[in-house]
Amino acid sequence: MTDAALLLDVRGLTVEYDVGRHIAPLRAVDGVSLTVAARETVGLVGESGSGKSTIGRAILGLAPIKEGNISFAGVDITHAGHRERRRLSADLQVIFQDPYSSLNPTRTIGQTLGETLRVHGETGRGEVAHRVAAMLERVGLPADAAGRYPAHFSGGQRQRIAIARALMARPRLVICDEPVSALDLSVQAQVLNLLRELQDELQLSYLFIAHDLAVVRHLSHRIIVLYRGRVMEQGEAAVVYARPAHPYTQILLEAAPLPDPDAQRRRRLRRSNRRANAAIADAENGCPFAPRCPFAIEICRSVRPRLETTSSGSLVACHRWREVHDQTEPTDTGAVTGSRS
Amino acid sequence: MSATEVAFAPVSDDPAGAVTEAPRFLRRLLRKPIAVACLAYLAVVVGVAIVAPFVLPDVAGEQAGDLLAVRQGPSWNHLLGTDTLGRDVLDRLLVGSRVTMVGVAEALFVVLALGVPLGLAAGFFGGRVDRVVGWLADLAFSMPAIIIILVVLSVFPQSMLAGMVTLGVLAAPGLMRVVRSATLPVREELYIAAARVSGLSRTYIIGRHVLPRIAGAVIVQASLLSAAALLVQSGLAFLNLLVAPPAPSWGGMIADAATAIVLQPWLIWPPGVAIALTILAFGLLGDAVRDATTERWSAPVRRKKQRRAPSAASAAVRETTHAQALLSIDGLTVAFPSPAGRIRVIEDVSFQIGAGETVGLVGESGCGKTVTAMAILGLVPGNGEIEAGRVVFDSRELVGLAERELSRVRGKEIALISQEPMISLNPVFRIGWQLAEAVQRHHGVSRRAARARARELLRQVRLPQPEIVARRYPHQLSGGMAQRVAIARALAGEPRLLIADEPTTALDVTVQAEILDLLRELQREQKMAILLVTHDWGVVADICDRAVVMYAGQIVERAASLPIFRQPLHPYTEALLASNPQHAPEDRLLPTIPGMVPKPGVWPTGCHFHPRCTYATAACRQRPILLEQPAADRETRCIHYDRLLATR
Amino acid sequence: MVFQVGSGSTAGPGAASRRAGPAAVGGVLELLRHPLLHVVVRRLLLAVPLLFVVSALSFVLVSLTPGDAAHEILGANAPPSAYDNLRHELGLDLPLYEQYSRWIRHAVSGDLGASLFTGEKVTHAIDARLPVTLSLIGLSLAIVFVVGVGLGVLSAVRGGAVGRFVDALSLIGFALPTFWLGLILIVVFAVNLRWFPAVGYVPLAESPSKWIRSLFLPVLALGIHSLAGIAKQTREAMLDALASEYVRMARANGVSARSILFRHALKNAAIRVVTVLGVLTVSLLGGTVIVETVFALPGLGGLAVSNKIQHDLPMVQGIAVYFSVIVVVVNLVVDVAYTWLDPRVRTH
C-alpha cells in the first residue's frame, strides 16, 4: 500500500498525563504506530488502561501528545490548532461511546446536526434543513426528529443521531470510540449494520475502538491489540482472531464467554491450563504484560519486545511468539470464517 | 450577611442538572405555583421601585411630616401609620423600595460579572488558571468581609454603590466556586469533545455549549445571592451607613423604628415584613428553579409502607415444582405510580431456584430483570410496589413481611452484589471495617473475631495480602478487586442465595472471566444458589444451569441452559441469540430485530413481542399469551413455538 | 479551602510505590507526611499571607478615608502647627509603606499600637471586648451546629411532619433579617414578657446563669438564620447519602437501619456539612456586628462599627487582625475535620 493511499498515519505516538506533583506522569500511550487506508476499517482492541481511547483522542486533538506524529492525507496534524481542526473536521469525524453524553441536551437534534454544516460554511437555512432531514432518514430516524431534544430518544436512537452528526460533513475517516459498548445486544446489531452499510455507501474508513473482540472482528479488516499503551499484536482481523500470536491476544479471546455452553466449557478448560507465572513482577523496561503472562521468561522482564512479523503476516511484540503461534489451535468460534477484503 | 455563603455550598453532586432543555425549563418553572407567585411578587416590587419615586417625588427629601401625628399606628389617613417624624410609613416604604432594589441589583451585577467568567475559566481551562483562581477564592473566603465593607464605607461615606460593589467582589468567589463545580462535569461531556473536534473555538464552546448547561445553577445562585444581598443591604442601612437621611430605605426605616420601639412597636413591622417577604421570594424562587432544572428523585425518603398481603397468584402455568425449591417466585407483579395511573414494570413473573443452582435471568435493558431481583429482597426502587404475587424462600413468604423481619433475611439468607463495585462500598470507611460490620451483624461475634473473619473472607475471594486490603479504602481498589470485596461482604452472612445483578458488566473481559471463575468456585464451596441477572448470553453459557428470559416485563422462556442455546422456543430468544456478533458470519450483515423494546405503560396488547416478531399472526395480538409447556422442563410464552422447531 | 480530590488510584497491592521513603527515617517522615499534619501546616502557611493582605488592605483603605485623625482629635479650631505637630507625633506624616512596616514590626512582637484618640493600647481594648464576641460566636456556632444538624438528620429520617417543620423553619429563618429578628425578640421577650434582658452583657466569670440570660436573645437572633441553613443542608446531604448506591447495597445485605443512618449516611453527609461551617463562621462574624449593635453588647463588632467613623487606624487594624485570626482558626478546624472524614481527599 503506497503512502499516498494512506489516510491516517500515526508514528511513534506517546501520550502522557500529569497526575500530581511528585508522581511520575502516567504514560497512556507508549510508542504506538498504526495506519488506516481509504475504505478500510482498523479495529483497536484493548481493555481499560490499554490506551485505545487515548489514541483516538490524540488523533482528534483531545489529548496531550508528548512524542510522535500524526498525519492525515499526508498533512501533519500533530499540533493542529483549532482553525486547522475546523478544516480537518470536514474529513475527520468522531462517534463516541456514551449516547447520553454525546448530544447537548439543551439543543434540538436539528441544531446539533446543523452546527456541523455551519462550521463548514453552509448557512442557507433551507439547504441545511434539507440535508439534516436527508441524513436523519439515512440513519433510520424520522425526519421530524430534527425538532426534538435528545431526551426523547433511546440509547440506540441517540447513537444513530451521533452517527448522523459525524457524517453530515461527508468525512473520509471516522473515529468510532466504543460506539456500541453502551447498547443492548439487539440494538448493537442494528447500529453495527448501519455502520457497515454507510461505509460501503459513502466509502468511509473507520478507526474502530472497542473492548469486545467479537464486535471488532465483525467489522474490521485489520486489528490492533493494545495493552498498557503498547501494541501487542497487529494484523488481518481473521488471522489475529483465528491464530493469535501473542499471549495477551490469546487470553483476551478466551476470556470472552461464548454463547454456547459446550464450546464455553472447552474454552474454560483451555484457559485454566494457562495460569500466569506470578513470579515476574511489574518491570519498567520489559514487556508490560509479563506479570500476567503464562509464557513469561526472564528476558521478558528486562527487554521490551519489538514488533516482529509472523508467518501469517501479523506483527507481534513478544519474545516467544513462535511457541504461542504454534500452540494456538484455531479458536472455536462457531462462526463461518472468511477473510474480509 | 449570613445567607451569602451558606447559599454557595453546592447542594447536589450534579449542580448543572441532569437533563435541562431550554424551553421546557421555563415551562416547567411556570407550572409551579410557588415560582409564579414569587415572580409576580418580585415583579410588583420592581415595578414599585421604578414607579414610586416618580409618583411620590417629595418623599425622598421629606425631612419631617406632620409633627403632630408622630408614631401613629395604622389609620385611614396613614394606612401603615407614621414614623418618628410624622412621615407616612407607606409612602416611605414604597419609595424606599428603589434604593433597596438598586442595592441588590448592584451587588448582583458585580457578583455575576466576576463570578461567572472566572468560574467558567477555572472550570474549563483547569491547570494554572484554576489554581490561581482557587487561591484567590480561598483568600476572599477567609477575609472578614464585614471589616472590609465597613472600612470601604468609611472611605466612601453613605455610598451604597461602594458598599454593594465591595459586597459583590467579596461574594463573587462563592459563585465562582459553584460555577466551577458546575462546569467541570460539563467539560467532560462528550458533546464538548465533539465540538472541539469540529474545530469550534473555545469561546464559542463556552458560550454556546457550556453556559446554557450551567445556566440553571447560575440562576439558582443568583436568586439566593439576591436574598443575601438584600439582607446585607438592609443591615448596612440599618446601621445608617448606606443611605443619607432623609432618603428612605427599608433598613433605615427599621433603624428609625428601633429608636421608638417601646413607644410604638408597630413601626418595626412594615419595613421588616417587606424585607422578609422579598428575601423569601428570592429564596423560594431559587428553590423552584433548582427543582425545575434537576431531575431529582422527588419521592421523599419515607418508611416503606407495609407491603400488601400476598394475593392469589394468577392462573399461569406453575413451573414444575421441585419439592426442595429454595426460592419460588409466583406471579410477581410490580407497578409504579405515575401521573397516568399505576404502570406495571413486571407482570406475572414466576420461576424457581433450587438449592445450589445457578439461574440466569436474561434480558435487555428495560425488561424488568433488575426490578425482579430487587423485589425478592423487598427493595423495589423508588415508589414501586409489589402489586401481586408471592416470593417464597425456604418455605417462608417474603412478600408482606415486616421490614425488620426482612432485614434479617437480607445478607444472612439472601445476599446481593451489583453492577458497579466501586460505588457499592461506602467510600469513607475502610474495607476491613465494612466487612467486619457485616460479620458482626449476621453472627453477633466480638469486634476482634469479626475482624479476623473479615480477613478470612478476603482470602476466600482470592485477594492477595488481605491484611493490606482490609486497611484500604474503596477508592484505592481496582474494579475487579472492589467486586471481590463486594462478594466477600455478601458472603459474610453465609447466605444460601446470592443475587448477582450484572456483576461483570462494568469490568474488563479478563477480569470478568476471573470473577465468574470465583463465583463458580464459591458456589461449590458454599453450596450457594446464585441468581445471575445479566444481558450477556456468554455469561449464561459459562455459569448458569438454567435460564429465564425476560422481555418487556414478562418471562418469555424458561428452561435449562443448554437446551435454550440449542433450540430456543421463543422468537425473541432466537433473534437475540442470532444477533450476537460472536455467531455472525463475517461478510454478511448481522441479523437484527426491527423496532425497539416497548417501555412499561405502552406494552402492546397480546404478546409484548408481536410487533417485532417474524412469526406473528393475528392471534398474537388478541389476547394475553400464557406460558405453555411444550416439553418437560421447557416453557415458552409463544403460541407458534412449533414453527421455531421447524426452522432448525 | 481548596479541596482537591486526588486521583488516588493504586492498581493493587502489587503496584510499586513510587514514593517509598527511606526506611530508617521512615517513622518520622511518615508522621510528617500524615495528611492531617499536612493540612494544618498548609493552612497555617496560608494564614500568614492572608493576615498580610487583610492588614494591608485595611491600612490602605483607612488612609484613603477623607478627613484626618489630627482634625478629629483637635477639633477645627486649633492652629495649623498643632495639626502638623500632632501628625508628626502620631507618625502620620511618614509615607504609607513606612507606616505600614512600622506597624508590622510592632505587630509581630505582639504590640498592635495604641488608639489614636484614647491612647488605650489596642490589644488591651480588644482583649476587654473579645470575650463578648467569642461568647456570642461560640455559643451561636455550637447551637447552630448541634440543633441544626440534629434537626436536619431528624427530618431526613422521619419525613412527614418533622420534615415539614424543618422546611418551614428553614424558610422562616432564611427570610428574617438578623437585626429585625433581634428587635422583635427584644419587644416580645424583653419588653413584654421580661424573661430576658434587652441589652447588656454579664461576663461568665461573674454569673453563669446571668451570662446565659444576657446572651440568649442575641444568640437566637444571630443563629436562627444559619441554623435554618444548616438544617436544610444536613437534610439534603443525608437524603443524598441515603439515596446512594452504597446505602442501597448495605441495606440489601442486611445492615441495620440504625447503622445505615448513623454511620454510613451520617459520615458522608457530615463531609458536606462541615465544609459549610467554615463559610458560616465568616457570615456569623458579620452578623455579630449587627447583633452587638442591636443588643448593645460591648463586643468587637460594636467597636468596629463605632470606630470606622473615626480615623483610628491602629484600632481598625487590630480588629481586622483579630477577626482574621478567628476565621483562620475556624477554617483550620474545618479543613482538619474534612480531611479526617473523607479519605479520598488525603491521597494527593
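**Reading helix pairs, confidence and domains**

Tutor: α11(C) and α13(C) are roughly antiparallel to each other, because their axes cross at roughly 175°. Keep in mind from the start that this is a predicted model.

Student: How is a pair of packed helices described in general?

Tutor: Two packed helices are described by the angle between their axes and the distance between the axes. Here, the axes of α11(C) and helix α13 (residues 313-341) of chain C come within 9 Å.

Student: Which residues of α11(C) and α13(C) meet?

Tutor: On the α11(C) side they include C:Ala270, C:Ile271, C:Val274, C:Leu277 and C:Gly278. Among those on the α13(C) side are C:Phe323, C:Ile326, C:Val327, C:Val330 and C:Val334. By class, the residues of this contact of α11(C) with α13(C) are 14 nonpolar, four polar and one charged.

Student: At what angle do α9(C) and α11(C) cross?

Tutor: Helix α9 (residues 208-242) of chain C and helix α11 (residues 257-294) of chain C have axes that cross at roughly 160° and come within 9 Å. That angle makes α9(C) roughly antiparallel to α11(C). Their crossing is right-handed. If you want to find the contact on screen, look for C:Leu222, C:Ile230 and C:Met238, which are among the residues from α9(C), and for C:Val273, C:Leu280 and C:Leu284, which are among those from α11(C). The contact of α9(C) with α11(C) divides into 15 nonpolar, seven polar and one charged residue.

Student: Which way do α6(C) and α7(C) cross, left-handed or right-handed?

Tutor: α6(C) passes α7(C) in a left-handed crossing. The axes of helix α6 (residues 122-158) of chain C and helix α7 (residues 160-175) of chain C come within 7 Å, with a crossing angle of roughly 140°. Angles over 145 degrees count as roughly antiparallel, and α6(C) and α7(C) are therefore oblique to each other. In this contact, C:Leu151, C:Gly152, C:Leu154, C:Ser155 and C:Arg158 of α6(C) meet C:Gly160, C:Val162, C:Gly163 and C:Val166 of α7(C). Sorted by class, the contact of α6(C) with α7(C) has four nonpolar residues, four polar and one charged.

Student: Now for confidence. How should I treat regions with low scores?

Tutor: Where pLDDT is low, the predicted coordinates should not be read in detail. For chain C the mean pLDDT is 79, and 87% of its residues reach 70 or more. Among the elements of chain C, helix α1 (residues 26-32) has the lowest mean pLDDT, 61, while helix α10 (residues 245-252) has the highest, 92. Over residues 1-21 of chain C the pLDDT is below 50, and the model gives this stretch 37 contacts beyond near neighbours in sequence.

Student: What are the mean pLDDT values of chain A and chain B?

Tutor: Chain A has a mean of 86, with 91% of its residues at 70 or more. Its residues 332-341 have a pLDDT below 50. Chain B averages 84, and 91% of the residues score at least 70. In chain B, pLDDT stays under 50 over residues 1-22, and residues 295-320 are also below 50. As for the overall scores, the model has ipTM 0.86 and pTM 0.84.

Student: How many residues does each chain give to the contact of chain B with chain C?

Tutor: An interface can be described by size: that is often given as the accessible area lost when the parts come together. Here we can count residues instead: 81 come from chain B and 84 from chain C. Helix α6 (residues 145-155) of chain B gives the largest share of the chain B side, 10 residues. That side divides into 50 nonpolar, 21 polar and 10 charged residues.

Student: And where are the domains of chain A?

Tutor: Chain A is divided into domain 1 (3-227) and domain 2 (245-327). Their centres, taken over C-alpha atoms, are 30 Å apart. The contact takes four residues from domain 1 of chain A and eight residues from domain 2 of chain A. On the domain 1 side, α7 (213-219) and β9 (222-227) of chain A are the elements that give two or more residues. That domain 1 side has four nonpolar residues, with no polar and no charged ones.

Definitions and conventions: Residues are numbered from 1 along each chain as its sequence is written. Chains are lettered from A and ligands numbered from 1 in the order in which they are written. This is a predicted model: local features need pLDDT of at least 70, side-chain atom pairs count only at pLDDT 80 or more; totals for chains, interfaces and linings use all residues. Two residues are in contact if their C-beta atoms, placed from the backbone, lie within 7 Å. Helices (H or I, at least four residues) and strands (E, at least two) are DSSP runs, numbered from the N terminus. Ala, Val, Leu, Ile, Met, Phe, Trp, Tyr, Cys and Pro count as nonpolar, Asp, Glu, Lys and Arg as charged, and the others, Gly among them, as polar. Axes are lines fitted to C-alpha atoms, for helices over the stretch in contact, and angles run from 0 to 180 degrees between N-to-C directions. Angles under 35 degrees count as roughly parallel, over 145 as roughly antiparallel, 65 to 115 as roughly perpendicular and the rest as oblique. A crossing is left-handed if the near helix is turned anticlockwise from the far one by less than a right angle, and right-handed if clockwise. pLDDT is the predictor's confidence in each residue, from 0 to 100. Domain bounds come from an automatic or database domain assignment.
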